[in-house]
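Hi everyone, thanks for coming. Let's have a look at this one together.

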Amino acid sequence: MKPKQPRQTAEVIALSLLFLAITAFTVVGFAHDWKPPVASLHGEGVDSVITYLSLTTGTILVLGTIIMVAFLWRYGRGRVTTIPNANPMSERLWSLLPVLGMAAVAEAGVMFKGLPVWKQVYGSPPADAVVVELNAQQFEWIVRYPGKDGSFGKTDPVLIDQTTNPLGIDTADVAGRDDVVFRNALHLAVGRTAYVRLRARDVVHSFSIPAFRVKQDVVPGIVGAIKFIPSRAGRYEIACAQLCGMGHYRMGARVTAHPPQEFDTWLAAQPEWTR
Ligand SMILES: [Cu+2]
């Protein structure tokens with residue numbers, strides 16, 4: 001065994017350096033704020049969940065790495081091949097404890113930090129909500145407002161015509177005649193709940209507004225919904241956050257958060273889709 005020692009020492013040092021480098025890289029990478037400034041009311045809650053998880057799992061990562069490196073150093077040089085007085089019970093205990101610890105950290109995060117945010121984002125909208133429908137398809141977002149009557153008209157895939165009727169709205173249904181339809185631009189009001197109905201025509205997409213901390217899969221055959229309250233006026237990026245095909249990269253759009261009165265004026269000025 002003796003002649004092998006220098007090589008094994010080099011291996012232990014190399015492995016230790018690798019673990020430490022990965023840890024340092026991860027910690028430094030998460031230390032700077034990579035998120036755009038929050039522009040929605042529930043966004044602070046999402047950020048606090050991210051901070052909580054980064055700090056707790058980051059601490060576990062650093063401690064775990066230090067312990068692993070110490071064990072490599074102590075037992076990895078061929079000096080100790082069997083541990084004297086090994087105790088299977090204590091081995092089991094030391095395997096179980098970290099699992100329980102990790103589960104407690106994660107569950108506490110979900111229960112105390114995540115659930116209050118979840119309640120803000122899912123559920124039925126208040127009466128004054130801005131209701132809008134987003135239809136995802138390769139590779140664009142088709143936006144529909146319900147018009148003056150406040151209700152969406154029926155749609156039928158058979159009626160779809162990409163230039164004149166991209167949603168296949170059925171003109172036989174009176175509710176659909178005043179719907180407002182356009183592409184790749186969403187308009188909302190600051191301080192009013194936005195209730196976004198989500199539909200997909202072809203594959204799974206994901207509706208994402210990083211500044212609002214909103215991300216929701218859009219699944220064909222299911223009408224999903226998400227709600228949030230814009231808190232700062234401005235224009236923000238909408239992206240598809242699910243790889244949905246060759247043109248996924250260009251499935252972007254813009255959302256404008258208007259001051260409330262400006263939003264009402266804007267919406268009133270939009271033509272009905274049939275005109
Ligand atoms: Cu997509």
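So, what sits over the ring of tryptophan 34? That's the charged end of lysine 35, 5.1 Å from the ring's centre. A charge counts as over a ring if NZ of Lys or CZ of Arg is within 6 Å of the ring centre and within 35 degrees of the ring normal.

Quick word on where this comes from: it's a predicted model, where local features need pLDDT of at least 70 and side-chain atom pairs count only at pLDDT 80 or more, while totals for chains, interfaces and linings use all residues. Residues are numbered from 1 along each chain as its sequence is written, and side-chain values use heavy atoms, leaving out hydrogens and water.

Okay, on to the aromatics. There are 8 aromatic pairs here; rings of Phe, Tyr and Trp (its six-membered ring) pair if their centres lie within 6.5 Å, and planes under 30 degrees apart are stacked, over 60 edge-to-face, the rest tilted. Take phenylalanine 212 and phenylalanine 228: their ring centres are 5.5 Å apart and their planes are at 45°, so that pair is tilted.

Phenylalanine 212 is buried, at 0% relative accessible area; buried means under 20%, exposed over 50%, partly exposed in between, with a 1.4 Å probe and protein chains only. Phenylalanine 228 counts as buried too, at 2%. Phenylalanine 212 also pairs with tyrosine 236: centres 5.2 Å apart, planes at 55°, so tilted again. Tyrosine 236 is buried, at 10%.

And one last thing: Tyr145, Phe182, Phe263 and Trp266 form one aromatic cluster.
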